Amino acid sequence: MGGRKPTKDDLPAFATDNPDSIDDVLPGPGDPPLRLLIIGINPGLWTAAVNAPFVRPGNRFWPSLHRAGLTDHLIDASRGLAVADERHLITRGIGITNIVGRATARADELKPGELRDGAAALVTRIQTLRPQAAGIAGITAFRTAFRQSKAVLGRQDTALIDGWPADTQLWVLPQPSGLNAHENIDTLADKWRDVWAATAPQG
């Protein structure tokens, strides 16, 4: 988008079968180890358009992270994630990825098989990345992706997920979209604060 916000007319072009519609935020060589890997369900079209996570207007992800103390300033990624903000996340030990990389207008456009395939691939990545904790934002999709039909929000029993490393906590948090009327910035911040408090700085 060249640093501008996408228009409504721009967005349909990003509803493709591309399995990697946005870049992950992950540490590279020499960066601190992952304290927390935040996992979305899949990118929205606005997210794909600007190549940055959780950016749709009304999404409470970035304000809740800031209020919880995970970032030291409010990140505005609506036109893309600035290099300085990406470095801020990585130096604090925070990474961001998705269960499914394909962008859609709504998460409910994903097929159950697509979510399950994405979950299996995610477990393999967790085995390599070894974050202290992983936080998945979206309970409904989590239940489908990981075949945990009775799961509730909060910390999960990783013994129920084949291949999940025992030393990586797994948390499920609410979807931060403005469409989720059950949550607000304060309640979301409380939940992210709980996850962060259950991990420790490294290095």
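Colleague: What makes you say that both faces of E2 are covered?

Modeller: Ile94, Ile96 and Asn98 on one side are buried, and so are Gly95 and Thr97 on the other. Buried means under 20% relative accessible area, with exposed over 50% and partly exposed in between (1.4 Å probe, protein chains only). Five of the five residues of E2 are buried, and the strand is therefore described as mostly covered. Please note that this is a predicted model: local features need pLDDT of at least 70 and side-chain atom pairs count only at pLDDT 80 or more, while totals for chains, interfaces and linings use all residues. Residues are numbered from 1 along each chain as its sequence is written, and side-chain values use heavy atoms, with hydrogens and water left out.

Colleague: Why is Trp171 called buried?

Modeller: Trp171 has a relative accessible area of 13%, which lies under the limit for that word, and so the residue is buried. Trp171 is found in strand E5. Asn59, in the loop between H1 and H2, is judged in the same way: a value of 17% makes Asn59 buried.

Colleague: How many helices and strands does the chain have?

Modeller: There are six helices and five strands, where helices (H or I, at least four residues) and strands (E, at least two) are DSSP runs numbered from the N terminus. From that end, the elements follow the order β-α-α-α-β-α-β-α-β-β-α.

Colleague: What is the order of the five strands in the sheet?

Modeller: The order is E2-E1-E3-E5-E4, in an open sheet with mixed pairing. Two strands pair if DSSP finds at least two bridges between them. Five bridges join E1 to E2 and four join E1 to E3, so both count as pairs. E1 runs parallel to E2 and also parallel to E3. E4 and E5, by contrast, run antiparallel and are joined by two bridges.

Colleague: Why do E2 and E4 stand at the edges?

Modeller: E2 and strand E4 (154-155) each have a single partner strand, so one side of each is left without a neighbour in the sheet.

Colleague: What makes E1 covered on both faces?

Modeller: Leu36, Ile38 and Gly40 are buried on one side, and Leu37 and Ile39 are buried on the other. In a regular strand the side chains alternate between the two faces of the sheet.

Colleague: Which residues touch the most other members of the largest nonpolar core?

Modeller: They are Ile38, Trp62 and Trp192, in a core of 27 residues. A nonpolar core is a set of buried Ala, Val, Leu, Ile, Met, Phe, Trp, Tyr and Cys residues joined through side-chain atoms within 4.5 Å. Elements that each supply at least two residues of this core include strand E1 (36-40), helix H2 (61-68), helix H3 (83-91) and helix H6 (185-197). Apart from it lies another core, of 24 residues, including Leu110 and Val172.

Colleague: What is Trp192 in contact with, leaving aside its neighbours within four places in sequence?

Modeller: Contact means heavy atoms within 4.5 Å. The partners of Trp192 include Leu36, Ile38, Phe61, Leu65 and Leu173. With neighbours set aside likewise, Trp171 is in contact with Ala133, Gly154, Arg155 and Asp194, among others.

Colleague: Which residues of H3 are buried?

Modeller: Asp85, His88, Leu89 and Ile90 are buried, and what covers the buried residues of H3 includes H2 and E2. Just after H3, Gly93 takes a positive phi of about 85°.
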